[in-house]
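Good morning, everyone, and thank you for coming. Please have a look at the sequence and the structure together before I go through a few local features.

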Amino acid sequence: MKAIIVSDLHIGSRYFLHENFEQFLQNIPQNAEFILNGDIIDNPYAKMKPANQKILDRFEEMSLRQKIVWVRGNHDNGYIPDNLGKIQIKKHYALQKRLFITHGDFFDEVMPQSRVFIKTFQLLHDFRIKLGARPVHVAQYAKRWRRFYAYLRKSVMLNAVNYAAENGFKAVTCGHTHYAEDRFVNGIRYINTGAWTERPAYYVLINDDEMKLRNITDSSALLKSAKTDKLHMSPSLNLTP
């Protein structure tokens, strides 16, 4: 088995790392299952620019020769590609009991209860950019609000881990929080693939023997073996809700 997982591309956003992702696609082996774990589209109702549509068309082409799974995220929920090819659209996905794959909004109890705060925060973020602040994705700016952001990350992580444990999965991977990390929580492995709206971007590489969270500093490493990335890694955590 070989599988590659990415999330939170936010295609259509000005912050999408378009050139990096194009290079990344060129290095994906044809024998690998390619899993798009949510928020692949930034706005399902916006018209795609030709360069972004080219990426979506590439997914269709890939699906004709290898398995492509698109797991819904909160941004692309309801989006149907014009040319679906053989892309499989899922709410959640699993590699047997080895790994449960879901975007992460399924486990998010924080943002749905904070809609007014988040809307206000986004308006303030847009306003500061108009005033000349360095443009960054709103999720990247939110990381400055450390207590709220840490609370969001912990909530998604604990709910994901609890779900995996209750349903017999050894590991779970999400996106959604835009924070790449790989750790054991109460005996369950939790992997978050971060986002392709800020550097470095990450992906999960899976083969018969192991799973690795890796960044794209050298995307040709998809075809090689290398050490697991250490950023945001913690060997073991015991957390309680």
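Predicted model: local features only at pLDDT ≥ 70, side-chain atom pairs only at ≥ 80, totals over all residues.

In which loop is Asn 186 found? Asn 186 sits in the loop between β8 (181-185) and β9, where strands are DSSP runs of E with at least two residues, helices are runs of H or I with at least four residues, and both are numbered from the N terminus.

Residues are numbered from 1 along each chain as its sequence is written, and side-chain values use heavy atoms, with hydrogens and water left out.

Asn 186 is not a glycine, and yet it has a positive phi of about 50 degrees. With 38% relative accessibility, Asn 186 counts as partly exposed, a term for values between buried, under 20% relative accessible area, and exposed, over 50%, computed with a 1.4 Å probe on protein chains only.

Asp 39, also not a glycine, has a positive phi of about 55 degrees, and it lies in the loop between β2 (33-37) and α2 (50-63). Is Asp 39 buried or exposed? Asp 39 is buried, with a relative accessible area of 2%.

Finally, let us turn to a peptide bond: the one from Arg 199 to Pro 200 is cis, with omega near -5 degrees, and Pro 200 has its place in the loop between β9 (188-192) and β10 (202-206).
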